[in-house]
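Here are a few notes on charged pairs, written to be read with the model open. Have a look at the structure first, then work through the points.

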Amino acid sequence: MTTLPSAIPQAHALLSRLGVDAAILDGGTLAACSPVTGEVLAQLVEATPEQATAAIDAAHDAYLAWRKVPAPRRGELVRLLGEELRAAKADLADLVTLEAGKVVSEGLGEVQEMIDICDYAVGLSRQLFGLTIASERPDHRMMETWRPLGVVGVISAFNFPVAVWSWNAALALVCGDAVVWKPSEKTPLVALATQALFARAAARFGPDAPSGLSTLLIGGRDVGEALVDHPKVPLVSATGSTAMGRQVGPKLAARFARALLELGGNNAAIVAPSADLDLTLRGVAFAAMGTAGQRCTSLRRLFVHESVYDAFVGRLKIAYPNVPVGDPRAAGVLVGPLIDKAAYEAMQSALTHARAAGGRVVGGERARVAGPDAYYVAPALVEIDAQAPIVRHETFAPILYVMKYAELADAIAAQNDVAQGLSSSIFTLDLREAELFVSGEGSDCGIANVNIGPSGAEIGGAFGGEKETGGGREAGSDSWKTYMRRATNTVNYGTTLPLAQGVTFDV
Ligand code: NAD
(Lines give C-alpha, C1' and ligand atoms only; values in the text may rest on other atoms or scores of the structure.)
Protein backbone atom coordinates (compact mmCIF):
# COMPACT_ATOMS: atom_id res chain seq x y z
CA MET A 1 0.00 0.00 0.00
CA THR A 2 1.22 3.48 -0.85
CA THR A 3 0.33 6.63 1.03
CA LEU A 4 -1.58 9.07 -1.12
CA PRO A 5 -1.47 12.85 -0.58
CA SER A 6 -4.34 13.93 1.68
CA ALA A 7 -7.42 15.14 -0.19
CA ILE A 8 -8.52 17.49 2.62
CA PRO A 9 -6.40 20.60 1.98
CA GLN A 10 -6.90 20.28 -1.76
CA ALA A 11 -10.69 19.99 -1.35
CA HIS A 12 -10.86 23.02 0.97
CA ALA A 13 -8.74 25.14 -1.37
CA LEU A 14 -10.95 24.19 -4.32
CA LEU A 15 -14.15 24.90 -2.39
CA SER A 16 -12.84 28.29 -1.36
CA ARG A 17 -11.93 29.23 -4.95
CA LEU A 18 -15.32 28.00 -6.15
CA GLY A 19 -17.05 30.33 -3.69
CA VAL A 20 -18.22 27.95 -0.95
CA ASP A 21 -18.19 29.50 2.52
CA ALA A 22 -15.78 27.55 4.75
CA ALA A 23 -18.10 28.08 7.73
CA ILE A 24 -20.63 25.58 6.36
CA LEU A 25 -18.11 22.76 6.05
CA ASP A 26 -18.12 21.76 9.68
CA GLY A 27 -20.46 20.89 12.53
CA GLY A 28 -23.13 18.88 10.72
CA THR A 29 -24.21 15.25 10.62
CA LEU A 30 -23.49 14.40 6.96
CA ALA A 31 -19.92 13.28 6.40
CA ALA A 32 -18.67 14.23 2.93
CA CYS A 33 -16.02 11.65 2.09
CA SER A 34 -13.41 11.20 -0.59
CA PRO A 35 -13.32 7.73 -2.17
CA VAL A 36 -9.78 8.59 -3.32
CA THR A 37 -8.27 8.46 0.17
CA GLY A 38 -11.22 7.45 2.34
CA GLU A 39 -10.93 10.69 4.32
CA VAL A 40 -13.80 12.79 5.64
CA LEU A 41 -13.59 16.14 3.82
CA ALA A 42 -16.39 17.99 5.63
CA GLN A 43 -19.30 17.55 8.04
CA LEU A 44 -22.35 19.24 6.57
CA VAL A 45 -25.62 20.31 8.12
CA GLU A 46 -28.58 18.47 6.55
CA ALA A 47 -31.90 20.11 5.72
CA THR A 48 -34.81 18.90 7.81
CA PRO A 49 -37.99 17.90 5.94
CA GLU A 50 -39.60 21.10 7.34
CA GLN A 51 -36.78 23.25 5.94
CA ALA A 52 -37.09 21.42 2.64
CA THR A 53 -40.81 22.19 2.52
CA ALA A 54 -40.18 25.88 3.24
CA ALA A 55 -37.49 26.04 0.53
CA ILE A 56 -39.88 24.50 -2.01
CA ASP A 57 -42.55 27.06 -1.10
CA ALA A 58 -39.97 29.81 -1.69
CA ALA A 59 -39.02 28.22 -5.02
CA HIS A 60 -42.66 28.30 -6.05
CA ASP A 61 -42.74 32.05 -5.35
CA ALA A 62 -39.59 32.42 -7.44
CA TYR A 63 -41.26 30.56 -10.30
CA LEU A 64 -44.24 32.94 -10.20
CA ALA A 65 -41.85 35.84 -10.88
CA TRP A 66 -39.48 34.00 -13.25
CA ARG A 67 -42.25 32.88 -15.61
CA LYS A 68 -42.88 36.56 -16.44
CA VAL A 69 -39.29 37.08 -17.65
CA PRO A 70 -39.13 36.59 -21.45
CA ALA A 71 -37.57 33.27 -22.42
CA PRO A 72 -34.57 34.73 -24.34
CA ARG A 73 -33.78 36.85 -21.28
CA ARG A 74 -33.97 33.70 -19.15
CA GLY A 75 -31.49 32.23 -21.60
CA GLU A 76 -29.08 35.04 -20.70
CA LEU A 77 -28.90 33.73 -17.12
CA VAL A 78 -28.00 30.28 -18.43
CA ARG A 79 -25.40 31.85 -20.75
CA LEU A 80 -23.79 33.49 -17.70
CA LEU A 81 -23.90 30.17 -15.85
CA GLY A 82 -22.05 28.62 -18.79
CA GLU A 83 -19.42 31.36 -18.52
CA GLU A 84 -18.95 30.71 -14.81
CA LEU A 85 -18.59 26.99 -15.50
CA ARG A 86 -16.00 27.66 -18.21
CA ALA A 87 -13.98 29.84 -15.85
CA ALA A 88 -14.16 27.28 -13.03
CA LYS A 89 -13.92 24.15 -15.18
CA ALA A 90 -10.60 22.86 -13.87
CA ASP A 91 -11.46 23.48 -10.21
CA LEU A 92 -14.91 21.93 -10.38
CA ALA A 93 -13.51 18.93 -12.27
CA ASP A 94 -10.82 18.44 -9.63
CA LEU A 95 -13.49 18.49 -6.94
CA VAL A 96 -15.47 15.86 -8.89
CA THR A 97 -12.30 13.76 -8.89
CA LEU A 98 -11.88 14.12 -5.13
CA GLU A 99 -15.50 13.48 -4.23
CA ALA A 100 -16.65 10.97 -6.89
CA GLY A 101 -13.27 9.39 -7.69
CA LYS A 102 -13.33 10.04 -11.44
CA VAL A 103 -10.02 10.28 -13.25
CA VAL A 104 -9.07 13.83 -14.27
CA SER A 105 -10.14 13.58 -17.94
CA GLU A 106 -13.56 12.24 -16.90
CA GLY A 107 -14.00 14.99 -14.32
CA LEU A 108 -13.24 17.56 -17.02
CA GLY A 109 -15.60 15.75 -19.38
CA GLU A 110 -18.39 15.97 -16.83
CA VAL A 111 -18.01 19.76 -16.45
CA GLN A 112 -17.78 20.11 -20.24
CA GLU A 113 -21.20 18.44 -20.48
CA MET A 114 -22.53 21.14 -18.14
CA ILE A 115 -21.10 23.84 -20.40
CA ASP A 116 -22.51 22.14 -23.50
CA ILE A 117 -26.03 21.90 -22.10
CA CYS A 118 -25.89 25.59 -21.13
CA ASP A 119 -24.97 26.48 -24.72
CA TYR A 120 -27.76 24.24 -25.97
CA ALA A 121 -30.30 25.81 -23.60
CA VAL A 122 -29.34 29.36 -24.58
CA GLY A 123 -30.27 28.59 -28.20
CA LEU A 124 -33.36 26.78 -27.03
CA SER A 125 -34.54 29.88 -25.15
CA ARG A 126 -35.40 31.37 -28.54
CA GLN A 127 -36.97 28.19 -29.92
CA LEU A 128 -39.71 27.09 -27.52
CA PHE A 129 -42.01 26.68 -30.51
CA GLY A 130 -45.58 25.49 -30.67
CA LEU A 131 -47.61 24.58 -33.75
CA THR A 132 -50.30 26.59 -35.46
CA ILE A 133 -53.03 24.12 -36.35
CA ALA A 134 -55.71 24.43 -39.06
CA SER A 135 -59.03 25.09 -37.32
CA GLU A 136 -62.20 23.40 -38.63
CA ARG A 137 -64.23 26.47 -37.66
CA PRO A 138 -64.41 29.61 -39.88
CA ASP A 139 -62.59 32.74 -38.71
CA HIS A 140 -60.76 30.85 -36.00
CA ARG A 141 -57.10 30.41 -35.32
CA MET A 142 -55.83 27.53 -33.23
CA MET A 143 -52.34 27.26 -31.84
CA GLU A 144 -50.42 25.51 -29.16
CA THR A 145 -48.23 27.43 -26.76
CA TRP A 146 -45.71 26.15 -24.24
CA ARG A 147 -45.90 27.64 -20.77
CA PRO A 148 -43.63 27.33 -17.71
CA LEU A 149 -44.50 24.39 -15.48
CA GLY A 150 -43.51 25.35 -11.92
CA VAL A 151 -40.89 24.00 -9.52
CA VAL A 152 -38.76 21.21 -10.97
CA GLY A 153 -37.31 18.83 -8.38
CA VAL A 154 -33.99 17.25 -9.26
CA ILE A 155 -32.71 14.19 -7.36
CA SER A 156 -29.30 13.08 -8.55
CA ALA A 157 -26.98 10.08 -8.18
CA PHE A 158 -23.35 10.10 -7.03
CA ASN A 159 -21.78 9.01 -10.29
CA PHE A 160 -22.74 12.06 -12.37
CA PRO A 161 -22.78 14.40 -9.42
CA VAL A 162 -23.07 17.70 -11.31
CA ALA A 163 -23.84 16.99 -15.00
CA VAL A 164 -27.28 15.53 -14.24
CA TRP A 165 -28.30 18.70 -12.40
CA SER A 166 -27.21 20.82 -15.34
CA TRP A 167 -29.11 18.71 -17.91
CA ASN A 168 -32.26 19.43 -15.93
CA ALA A 169 -31.55 22.93 -14.60
CA ALA A 170 -30.38 24.55 -17.85
CA LEU A 171 -33.56 23.43 -19.62
CA ALA A 172 -35.87 24.13 -16.68
CA LEU A 173 -34.51 27.66 -16.26
CA VAL A 174 -35.01 28.69 -19.90
CA CYS A 175 -38.46 27.07 -19.78
CA GLY A 176 -39.39 29.43 -16.92
CA ASP A 177 -39.24 27.00 -14.02
CA ALA A 178 -37.53 27.18 -10.62
CA VAL A 179 -35.24 24.30 -9.61
CA VAL A 180 -34.81 22.54 -6.26
CA TRP A 181 -31.93 20.08 -6.18
CA LYS A 182 -31.36 17.17 -3.78
CA PRO A 183 -27.93 15.83 -4.73
CA SER A 184 -26.59 12.44 -3.72
CA GLU A 185 -25.62 12.32 -0.04
CA LYS A 186 -22.32 10.85 -1.30
CA THR A 187 -21.42 13.97 -3.31
CA PRO A 188 -22.72 17.09 -1.53
CA LEU A 189 -19.57 19.21 -1.94
CA VAL A 190 -19.64 19.42 -5.73
CA ALA A 191 -23.30 20.39 -5.42
CA LEU A 192 -22.41 23.24 -3.03
CA ALA A 193 -19.75 24.40 -5.47
CA THR A 194 -22.17 24.28 -8.42
CA GLN A 195 -24.74 26.25 -6.46
CA ALA A 196 -22.07 28.85 -5.64
CA LEU A 197 -21.30 29.19 -9.36
CA PHE A 198 -25.00 29.61 -10.08
CA ALA A 199 -25.12 32.36 -7.43
CA ARG A 200 -22.27 34.17 -9.22
CA ALA A 201 -24.16 33.99 -12.51
CA ALA A 202 -27.38 35.19 -10.87
CA ALA A 203 -25.59 38.13 -9.24
CA ARG A 204 -24.23 39.21 -12.64
CA PHE A 205 -27.68 38.75 -14.20
CA GLY A 206 -29.33 41.13 -11.74
CA PRO A 207 -32.70 41.43 -9.98
CA ASP A 208 -34.71 39.68 -12.71
CA ALA A 209 -33.48 36.42 -11.19
CA PRO A 210 -35.61 36.04 -8.03
CA SER A 211 -34.10 34.55 -4.90
CA GLY A 212 -35.06 30.91 -4.54
CA LEU A 213 -34.80 30.30 -8.29
CA SER A 214 -32.21 27.58 -7.74
CA THR A 215 -32.14 25.92 -4.34
CA LEU A 216 -29.95 23.19 -2.93
CA LEU A 217 -31.16 20.77 -0.25
CA ILE A 218 -28.37 18.81 1.38
CA GLY A 219 -29.48 15.56 2.91
CA GLY A 220 -30.47 11.95 2.43
CA ARG A 221 -33.49 10.08 1.32
CA ASP A 222 -35.93 11.84 3.69
CA VAL A 223 -35.12 15.17 2.03
CA GLY A 224 -35.66 13.57 -1.39
CA GLU A 225 -39.00 12.29 -0.15
CA ALA A 226 -40.03 15.80 0.92
CA LEU A 227 -39.40 16.92 -2.66
CA VAL A 228 -41.33 13.99 -4.12
CA ASP A 229 -44.31 14.56 -1.81
CA HIS A 230 -44.62 18.36 -2.11
CA PRO A 231 -47.78 19.35 -4.02
CA LYS A 232 -46.07 22.39 -5.54
CA VAL A 233 -43.52 20.29 -7.44
CA PRO A 234 -45.21 19.26 -10.70
CA LEU A 235 -42.13 17.47 -12.08
CA VAL A 236 -39.45 15.44 -10.34
CA SER A 237 -36.46 14.32 -12.36
CA ALA A 238 -34.85 11.53 -10.35
CA THR A 239 -31.66 9.76 -11.34
CA GLY A 240 -30.47 6.68 -9.50
CA SER A 241 -31.11 3.01 -8.98
CA THR A 242 -34.24 1.18 -10.11
CA ALA A 243 -34.91 0.56 -6.39
CA MET A 244 -35.14 4.32 -5.88
CA GLY A 245 -37.33 4.71 -8.99
CA ARG A 246 -39.74 2.10 -7.68
CA GLN A 247 -40.27 4.18 -4.55
CA VAL A 248 -40.44 7.57 -6.24
CA GLY A 249 -42.53 6.70 -9.32
CA PRO A 250 -45.74 5.51 -7.57
CA LYS A 251 -45.70 8.48 -5.18
CA LEU A 252 -45.56 10.93 -8.08
CA ALA A 253 -48.24 9.01 -9.95
CA ALA A 254 -50.48 9.11 -6.87
CA ARG A 255 -50.52 12.92 -6.97
CA PHE A 256 -50.50 13.09 -10.82
CA ALA A 257 -47.08 14.74 -10.94
CA ARG A 258 -44.68 14.11 -13.79
CA ALA A 259 -41.78 11.74 -13.28
CA LEU A 260 -38.61 11.83 -15.32
CA LEU A 261 -36.87 8.71 -14.08
CA GLU A 262 -33.35 7.93 -15.26
CA LEU A 263 -32.48 4.66 -13.61
CA GLY A 264 -30.14 1.71 -13.81
CA GLY A 265 -28.62 0.11 -16.85
CA ASN A 266 -27.48 -3.41 -17.63
CA ASN A 267 -25.94 -2.50 -20.93
CA ALA A 268 -24.71 -4.91 -23.56
CA ALA A 269 -22.61 -4.98 -26.70
CA ILE A 270 -22.44 -7.51 -29.51
CA VAL A 271 -19.17 -8.24 -31.30
CA ALA A 272 -20.05 -9.60 -34.74
CA PRO A 273 -17.78 -11.62 -37.07
CA SER A 274 -16.91 -8.60 -39.24
CA ALA A 275 -16.08 -6.26 -36.31
CA ASP A 276 -12.94 -4.14 -36.51
CA LEU A 277 -11.34 -5.77 -33.48
CA ASP A 278 -8.85 -2.97 -32.74
CA LEU A 279 -11.61 -0.38 -32.57
CA THR A 280 -13.84 -2.82 -30.68
CA LEU A 281 -11.17 -3.49 -28.06
CA ARG A 282 -10.82 0.21 -27.27
CA GLY A 283 -14.61 0.70 -27.26
CA VAL A 284 -15.22 -2.26 -24.98
CA ALA A 285 -12.36 -1.48 -22.61
CA PHE A 286 -13.44 2.13 -22.04
CA ALA A 287 -17.13 1.29 -21.72
CA ALA A 288 -16.52 -1.55 -19.25
CA MET A 289 -13.69 -0.18 -17.11
CA GLY A 290 -14.02 3.63 -17.42
CA THR A 291 -15.33 5.37 -14.28
CA ALA A 292 -14.58 2.04 -12.55
CA GLY A 293 -17.74 0.61 -14.08
CA GLN A 294 -19.84 3.22 -12.24
CA ARG A 295 -21.67 4.73 -15.19
CA CYS A 296 -25.35 4.06 -15.80
CA THR A 297 -24.22 3.28 -19.36
CA SER A 298 -21.22 1.11 -18.38
CA LEU A 299 -20.85 -2.02 -20.45
CA ARG A 300 -21.76 -5.03 -18.32
CA ARG A 301 -22.58 -7.82 -20.82
CA LEU A 302 -20.66 -8.74 -23.96
CA PHE A 303 -21.85 -11.19 -26.61
CA VAL A 304 -19.00 -12.29 -28.89
CA HIS A 305 -19.50 -14.32 -32.07
CA GLU A 306 -17.95 -17.77 -31.88
CA SER A 307 -15.77 -17.11 -34.96
CA VAL A 308 -13.88 -14.24 -33.25
CA TYR A 309 -14.36 -15.27 -29.62
CA ASP A 310 -10.92 -16.70 -28.89
CA ALA A 311 -9.04 -13.94 -30.72
CA PHE A 312 -11.03 -11.11 -29.16
CA VAL A 313 -11.45 -12.42 -25.63
CA GLY A 314 -7.76 -13.38 -25.61
CA ARG A 315 -6.89 -9.72 -26.20
CA LEU A 316 -9.31 -8.61 -23.47
CA LYS A 317 -7.65 -11.00 -21.03
CA ILE A 318 -4.33 -9.33 -21.72
CA ALA A 319 -5.74 -5.80 -21.47
CA TYR A 320 -7.63 -6.30 -18.20
CA PRO A 321 -4.75 -7.00 -15.78
CA ASN A 322 -2.68 -4.24 -17.38
CA VAL A 323 -5.12 -1.37 -17.00
CA PRO A 324 -3.68 1.23 -14.61
CA VAL A 325 -5.73 1.33 -11.38
CA GLY A 326 -4.81 4.00 -8.86
CA ASP A 327 -5.11 7.56 -7.57
CA PRO A 328 -7.45 9.24 -10.07
CA ARG A 329 -5.51 12.50 -9.66
CA ALA A 330 -2.39 10.90 -11.12
CA ALA A 331 -1.53 11.11 -14.81
CA GLY A 332 -1.93 7.84 -16.71
CA VAL A 333 -4.41 6.25 -14.29
CA LEU A 334 -7.52 4.99 -16.10
CA VAL A 335 -9.46 3.37 -13.25
CA GLY A 336 -10.01 5.14 -9.92
CA PRO A 337 -11.77 3.92 -6.77
CA LEU A 338 -15.23 2.55 -6.12
CA ILE A 339 -17.42 5.04 -4.30
CA ASP A 340 -17.47 3.19 -0.97
CA LYS A 341 -17.28 -0.04 0.98
CA ALA A 342 -20.86 -1.02 0.09
CA ALA A 343 -19.96 -0.86 -3.61
CA TYR A 344 -16.92 -3.06 -2.99
CA GLU A 345 -18.97 -5.61 -1.07
CA ALA A 346 -21.65 -5.68 -3.76
CA MET A 347 -18.96 -6.37 -6.35
CA GLN A 348 -17.44 -9.22 -4.35
CA SER A 349 -20.87 -10.72 -3.74
CA ALA A 350 -21.65 -10.58 -7.48
CA LEU A 351 -18.37 -12.34 -8.29
CA THR A 352 -19.14 -15.06 -5.74
CA HIS A 353 -22.51 -15.63 -7.39
CA ALA A 354 -20.88 -15.61 -10.85
CA ARG A 355 -18.36 -18.27 -9.80
CA ALA A 356 -21.16 -20.38 -8.34
CA ALA A 357 -22.94 -20.14 -11.71
CA GLY A 358 -19.86 -21.46 -13.50
CA GLY A 359 -18.21 -18.13 -14.37
CA ARG A 360 -14.45 -18.02 -14.93
CA VAL A 361 -13.19 -14.80 -13.33
CA VAL A 362 -10.09 -12.74 -14.20
CA GLY A 363 -9.41 -9.81 -11.81
CA GLY A 364 -11.87 -8.41 -9.29
CA GLU A 365 -9.52 -8.40 -6.31
CA ARG A 366 -8.95 -5.37 -4.10
CA ALA A 367 -6.04 -3.16 -5.10
CA ARG A 368 -4.24 -1.66 -2.10
CA VAL A 369 -3.79 1.84 -3.45
CA ALA A 370 -4.67 3.86 -0.35
CA GLY A 371 -5.72 3.41 3.28
CA PRO A 372 -8.34 0.96 4.57
CA ASP A 373 -11.27 3.29 3.90
CA ALA A 374 -10.62 3.64 0.16
CA TYR A 375 -11.83 0.83 -2.11
CA TYR A 376 -9.89 0.23 -5.31
CA VAL A 377 -10.39 -2.93 -7.36
CA ALA A 378 -8.93 -4.61 -10.40
CA PRO A 379 -11.68 -4.67 -13.06
CA ALA A 380 -13.17 -8.14 -13.47
CA LEU A 381 -13.77 -10.12 -16.64
CA VAL A 382 -16.13 -13.09 -16.26
CA GLU A 383 -16.52 -15.68 -19.00
CA ILE A 384 -19.85 -17.40 -18.50
CA ASP A 385 -21.92 -19.74 -20.67
CA ALA A 386 -25.35 -18.18 -20.23
CA GLN A 387 -27.13 -15.27 -18.56
CA ALA A 388 -27.29 -16.53 -14.99
CA PRO A 389 -29.47 -14.39 -12.64
CA ILE A 390 -26.40 -12.40 -11.51
CA VAL A 391 -25.66 -11.40 -15.12
CA ARG A 392 -29.17 -10.01 -15.43
CA HIS A 393 -28.67 -7.81 -12.37
CA GLU A 394 -26.98 -4.37 -12.46
CA THR A 395 -23.93 -4.47 -10.18
CA PHE A 396 -22.53 -0.95 -10.05
CA ALA A 397 -18.86 -1.94 -10.36
CA PRO A 398 -16.39 -2.93 -13.11
CA ILE A 399 -17.58 -6.44 -13.95
CA LEU A 400 -17.88 -7.50 -17.59
CA TYR A 401 -19.69 -10.78 -18.30
CA VAL A 402 -18.62 -12.33 -21.61
CA MET A 403 -20.75 -14.83 -23.50
CA LYS A 404 -20.40 -16.62 -26.85
CA TYR A 405 -23.09 -16.59 -29.56
CA ALA A 406 -23.66 -18.27 -32.92
CA GLU A 407 -26.75 -16.49 -34.38
CA LEU A 408 -27.24 -12.71 -34.28
CA ALA A 409 -30.97 -13.10 -33.57
CA ASP A 410 -30.08 -15.05 -30.41
CA ALA A 411 -27.56 -12.42 -29.31
CA ILE A 412 -30.10 -9.61 -29.79
CA ALA A 413 -32.74 -11.60 -27.90
CA ALA A 414 -30.30 -12.22 -25.03
CA GLN A 415 -29.20 -8.59 -24.88
CA ASN A 416 -32.86 -7.52 -24.70
CA ASP A 417 -33.66 -10.15 -22.08
CA VAL A 418 -33.02 -7.98 -19.00
CA ALA A 419 -35.31 -5.54 -17.26
CA GLN A 420 -32.93 -2.59 -17.15
CA GLY A 421 -32.02 -1.90 -20.79
CA LEU A 422 -30.60 1.60 -21.06
CA SER A 423 -27.84 1.55 -23.66
CA SER A 424 -26.51 -0.96 -26.18
CA SER A 425 -24.05 -1.38 -29.05
CA ILE A 426 -23.10 -3.59 -31.93
CA PHE A 427 -19.62 -3.76 -33.41
CA THR A 428 -19.93 -4.84 -37.05
CA LEU A 429 -18.94 -3.73 -40.54
CA ASP A 430 -21.91 -5.59 -42.03
CA LEU A 431 -24.57 -3.07 -43.04
CA ARG A 432 -27.42 -5.55 -42.68
CA GLU A 433 -26.42 -6.47 -39.13
CA ALA A 434 -25.99 -2.83 -38.15
CA GLU A 435 -29.37 -1.79 -39.54
CA LEU A 436 -31.12 -4.79 -38.00
CA PHE A 437 -29.66 -3.88 -34.61
CA VAL A 438 -31.03 -0.33 -34.68
CA SER A 439 -34.37 -1.35 -36.25
CA GLY A 440 -37.61 -2.07 -34.41
CA GLU A 441 -36.64 -5.75 -34.28
CA GLY A 442 -33.23 -4.94 -32.85
CA SER A 443 -32.12 -3.43 -29.56
CA ASP A 444 -34.99 -2.37 -27.31
CA CYS A 445 -32.88 0.12 -25.32
CA GLY A 446 -33.20 3.91 -25.25
CA ILE A 447 -29.71 4.13 -26.78
CA ALA A 448 -28.56 1.79 -29.59
CA ASN A 449 -25.13 2.44 -31.12
CA VAL A 450 -23.06 1.02 -33.96
CA ASN A 451 -19.28 0.77 -33.68
CA ILE A 452 -19.07 2.82 -30.49
CA GLY A 453 -19.59 1.56 -26.95
CA PRO A 454 -22.77 2.14 -24.97
CA SER A 455 -21.33 4.86 -22.73
CA GLY A 456 -20.49 8.50 -23.43
CA ALA A 457 -23.70 10.04 -24.80
CA GLU A 458 -23.81 13.57 -26.28
CA ILE A 459 -26.15 16.17 -24.82
CA GLY A 460 -27.71 16.94 -28.24
CA GLY A 461 -29.61 13.67 -28.29
CA ALA A 462 -32.34 12.71 -25.85
CA PHE A 463 -30.53 10.76 -23.16
CA GLY A 464 -31.85 7.74 -21.34
CA GLY A 465 -34.66 5.33 -21.98
CA GLU A 466 -34.28 2.78 -19.23
CA LYS A 467 -37.02 0.52 -20.48
CA GLU A 468 -38.49 -0.63 -17.14
CA THR A 469 -39.82 2.89 -16.59
CA GLY A 470 -41.00 3.38 -20.11
CA GLY A 471 -37.95 5.47 -20.79
CA GLY A 472 -37.09 8.85 -19.36
CA ARG A 473 -35.85 11.55 -21.74
CA GLU A 474 -33.32 14.12 -20.72
CA ALA A 475 -31.03 16.77 -22.29
CA GLY A 476 -31.38 17.31 -26.05
CA SER A 477 -33.89 16.63 -28.83
CA ASP A 478 -37.38 17.71 -27.66
CA SER A 479 -36.76 16.86 -23.98
CA TRP A 480 -37.55 20.49 -23.08
CA LYS A 481 -41.26 19.79 -23.51
CA THR A 482 -41.22 17.78 -20.27
CA TYR A 483 -40.34 21.00 -18.41
CA MET A 484 -43.30 22.94 -19.84
CA ARG A 485 -47.06 22.84 -19.95
CA ARG A 486 -48.75 22.71 -23.35
CA ALA A 487 -51.81 24.90 -23.92
CA THR A 488 -54.04 24.82 -27.01
CA ASN A 489 -55.45 28.29 -27.66
CA THR A 490 -58.36 28.96 -30.01
CA VAL A 491 -59.11 32.54 -31.08
CA ASN A 492 -62.37 33.48 -32.79
CA TYR A 493 -61.87 36.63 -34.86
CA GLY A 494 -65.28 36.35 -36.58
CA THR A 495 -68.81 37.50 -35.62
CA THR A 496 -70.49 34.12 -35.25
CA LEU A 497 -70.00 31.38 -32.71
CA PRO A 498 -69.80 28.02 -34.49
CA LEU A 499 -70.21 25.18 -32.00
CA ALA A 500 -68.79 21.70 -32.28
CA GLN A 501 -69.91 19.77 -35.39
CA GLY A 502 -73.65 19.02 -35.36
CA VAL A 503 -74.29 20.79 -32.02
CA THR A 504 -76.96 23.48 -31.71
CA PHE A 505 -77.55 25.57 -28.60
CA ASP A 506 -79.92 28.52 -29.18
CA VAL A 507 -80.68 30.83 -26.24
P1 NAD B 1 -29.40 5.72 -5.46
O2 NAD B 1 -30.68 5.20 -6.05
O3 NAD B 1 -28.90 5.06 -4.24
O4 NAD B 1 -29.59 7.28 -5.08
C5 NAD B 1 -29.89 8.24 -6.05
C6 NAD B 1 -30.55 9.44 -5.39
O7 NAD B 1 -31.88 9.10 -4.97
C8 NAD B 1 -29.84 9.95 -4.14
O9 NAD B 1 -29.84 11.37 -4.16
C10 NAD B 1 -30.70 9.42 -3.00
O11 NAD B 1 -30.64 10.19 -1.83
C12 NAD B 1 -32.08 9.51 -3.63
N13 NAD B 1 -33.10 8.62 -3.07
C14 NAD B 1 -32.97 7.31 -2.74
N15 NAD B 1 -34.14 6.81 -2.34
C16 NAD B 1 -35.05 7.81 -2.41
C17 NAD B 1 -36.46 7.92 -2.13
N18 NAD B 1 -37.17 6.89 -1.68
N19 NAD B 1 -37.08 9.11 -2.33
C20 NAD B 1 -36.38 10.17 -2.81
N21 NAD B 1 -35.04 10.14 -3.08
C22 NAD B 1 -34.39 8.96 -2.88
O23 NAD B 1 -28.31 5.70 -6.64
P24 NAD B 1 -26.73 5.93 -6.59
O25 NAD B 1 -26.08 4.78 -5.91
O26 NAD B 1 -26.43 7.33 -6.12
O27 NAD B 1 -26.37 5.90 -8.16
C28 NAD B 1 -26.16 4.73 -8.90
C29 NAD B 1 -27.41 4.33 -9.68
O30 NAD B 1 -27.86 5.42 -10.48
C31 NAD B 1 -27.12 3.21 -10.66
O32 NAD B 1 -28.20 2.31 -10.64
C33 NAD B 1 -27.03 3.92 -12.01
O34 NAD B 1 -27.29 3.11 -13.13
C35 NAD B 1 -28.05 5.00 -11.83
N36 NAD B 1 -27.81 6.13 -12.74
C37 NAD B 1 -28.65 6.28 -13.82
C38 NAD B 1 -28.43 7.32 -14.72
C39 NAD B 1 -29.33 7.50 -15.92
O40 NAD B 1 -29.31 8.57 -16.49
N41 NAD B 1 -30.09 6.51 -16.31
C42 NAD B 1 -27.37 8.22 -14.51
C43 NAD B 1 -26.56 8.05 -13.39
C44 NAD B 1 -26.80 6.99 -12.51
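1. Start with a term: a residue is buried under 20% relative accessible area, exposed over 50% and partly exposed in between (1.4 Å probe, protein chains only). By that scale, Arg79 is partly exposed at 35% relative accessibility, and Glu83 is partly exposed too, with a relative accessible area of 31%.

2. Keep in mind that this is a predicted model, where local features need pLDDT of at least 70 and side-chain atom pairs count only at pLDDT 80 or more, while totals for chains, interfaces and linings use all residues. Residues are numbered from 1 along each chain as its sequence is written, and side-chain values use heavy atoms, with hydrogens and water left out.

3. How many salt bridges (a side-chain nitrogen of Lys or Arg within 4 Å of a carboxyl oxygen of Asp or Glu) does the structure hold? There are 21. One of them joins the side chains of Glu83 and Arg79, at 2.7 Å from N to O.

4. Both Glu83 and Arg79 sit in helix H3 (residues 71-87), four residues apart, or about one turn of the helix. Helices here are DSSP runs (H or I, at least four residues), as are strands (E, at least two), numbered from the N terminus. These two also belong to a network of salt bridges linking Glu76, Arg79, Glu83, Glu84 and Arg204.

5. Now try Asp278, which forms a salt bridge with Arg315, their closest N and O atoms being 2.8 Å apart. This pair links distant parts of the chain, with Asp278 in helix H10 (residues 277-289) and Arg315 in helix H11 (residues 309-322), 37 residues apart.
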